[in-house]
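Please look over the chain below with its sequence at hand, and then read the briefing that follows, which is grouped by topic.

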Amino acid sequence: YASVIINSFVPAGLVLSISVAFAIGAVEISRRRTLIQKINAVDSMNSVRVLCTDKTGTLTQNKLVVQGIVPLGETTAEDLQELMALYSSLLATQNSSARAMAVFAGMPRHPQRKADEVAFSSSRKWGSITLSDGTVVLVGAPELLFLEPSDREQAKQYARQGFRAIAVAVSHTSHAVDSSGLPTVLIPAGIILLEDGLRPDVVDTIADLQSKGILVKVISGDSVETVAAIANQAGITTTPDTLFSQQQLDQMSPQAFNSAAIKGRVFGRITPDTKKRLISAMVKKGAYVAMVGDGVNDVPAFKEAKLAIAMNDGAQISKDVADIVLLDNNLAALPSAFGAGDEIKQKILSSAKL
């Protein structure tokens, strides 16, 4: 009878002890300004070996400032500033880049009415405003809006210095511009140089994560040159063969894409769908991947990751889907939280052994 009682209670007691340990662990980790929304996240934190993060708002402070403008062609600095003012003032909704442009350019000297708008999209990488006089002002990725290789290369040179280089182009067309494609004739107007400084604690945080054996990768919508410059400043070592752009990935076979997902450290100009595919490829190759994000576009990638981590000031749907929410909106809480997860896992293993 004694053996029957022991054999009945020991497994049940182990399940109970694990549940209690996870619950206590969730409370302990939450004291580190890291909200645990799903109890199994406590276990996952011990298993993470790859951490994928965005650049803006995670490695950087998400306080974009225009540091300068570079007119191109026959456009003067005053003309370029006026185009920036018209674009930012007529937008239905301003993103962080447009807000920085508005602060720099102020109100337009010659206000015009808006005839049409194509909202900026992270997958399309450009947006436009059509003015009442028929002029279309386009803002977005230089590789899309600049047709001349020399203009593209100039934008890349600034990006390698860590700037977010945004192209401004104009077009005059009688046809309405919509999201299906760019106008056939684009006149380069200039480059806007945006800067977003590193978070004060990000270098120590990255070093701490890497000392725990966690490989940090950056997946961003910015150009690969800008992302690589910021990643290197943060302490994430990159080499030319670990940098991949959306254009390069699009040209790869499925096998080459999967290899790039594992090998790569920095991915630039990435669309939301490709971000999901990258996370999925890493997981299928056996990597235990955590994903840090803050927007609606990160939700598909969250669902592919083993551990989804959202910023507290991010979109509500991203926080609803996430396993963990960083209440202070930065990565600094993760090393200690991961350490706490490791301690809890060791206590559970000791209880199981006993």
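In this predicted model, helix α10 (residues 254-263) lies across strands β9 (215-219), β10 and β11 (266-268), and runs at about 120° to β9. Helices (H or I, at least four residues) and strands (E, at least two) are DSSP runs, numbered from the N terminus, while axes are lines fitted to C-alpha atoms, for helices over the stretch in contact, with angles from 0 to 180 degrees between N-to-C directions. Residues are numbered from 1 along each chain as its sequence is written. Local features need pLDDT of at least 70, side-chain atom pairs count only at pLDDT 80 or more, totals for chains, interfaces and linings use all residues, and side-chain values use heavy atoms, with hydrogens and water left out.

**Helices α10 and α11**

- The axes of α10 and α11 come within 9 Å and cross at roughly 80°.
- These two helices, α10 and α11, are therefore roughly perpendicular to each other, a label given to angles of 65 to 115 degrees.
- Phe257, Asn258, Ala261 and Ile262 of α10 are in contact with Thr274, Arg277, Leu278, Ala281 and Met282 of α11, where contact means heavy atoms within 4.5 Å.
- The residues of this contact between α10 and α11 divide into six nonpolar, two polar and one charged; Ala, Val, Leu, Ile, Met, Phe, Trp, Tyr, Cys and Pro count as nonpolar, Asp, Glu, Lys and Arg as charged, and the others, Gly among them, as polar.

**The sheet of eight strands**

- Eight strands form an open sheet with mixed pairing, in the order β1-β14-β13-β12-β2-β9-β11-β10, and two strands pair if DSSP finds at least two bridges between them.
- The edge strands of this sheet are β1 (34-36) and β10 (243-245), each of which pairs on one side only.
- Strands β12 (residues 289-293) and β13 (residues 307-311) run parallel and are joined by four bridges, and alanine 290 stands opposite leucine 307 in β13.
- Helix α11 (residues 272-284) packs on the sheet, where it touches β2 (50-53), β9, β11 and β12, and its direction makes about 160° with that of β12.

- Nine of the 11 residues of helix α8 (residues 224-234) are buried, where buried means under 20% relative accessible area, exposed over 50% and partly exposed in between, with a 1.4 Å probe and protein chains only.
- What covers the buried residues of α8 includes α6 (149-159), β7 (164-172), α7 (202-211), β9, β10 and β11.
- Glycine 235, whose phi is positive and near 100°, follows α8.

**The sheet of six strands**

- A second open sheet has six strands in the order β3-β8-β7-β6-β5-β4, with antiparallel pairing.
- β3 (65-71) and β4 stand at its edges with a single partner strand each, so one side of each is left without a neighbour in the sheet.
- Six bridges join β3 to the antiparallel strand β8 (residues 187-195), and valine 70 has isoleucine 191 in β8 as its bridge partner.
- Aspartate 116 lies in strand β4 (residues 114-118) and is partly exposed, with a relative accessible area of 33%.

Technical notes: Angles under 35 degrees count as roughly parallel, over 145 as roughly antiparallel, 65 to 115 as roughly perpendicular and the rest as oblique.
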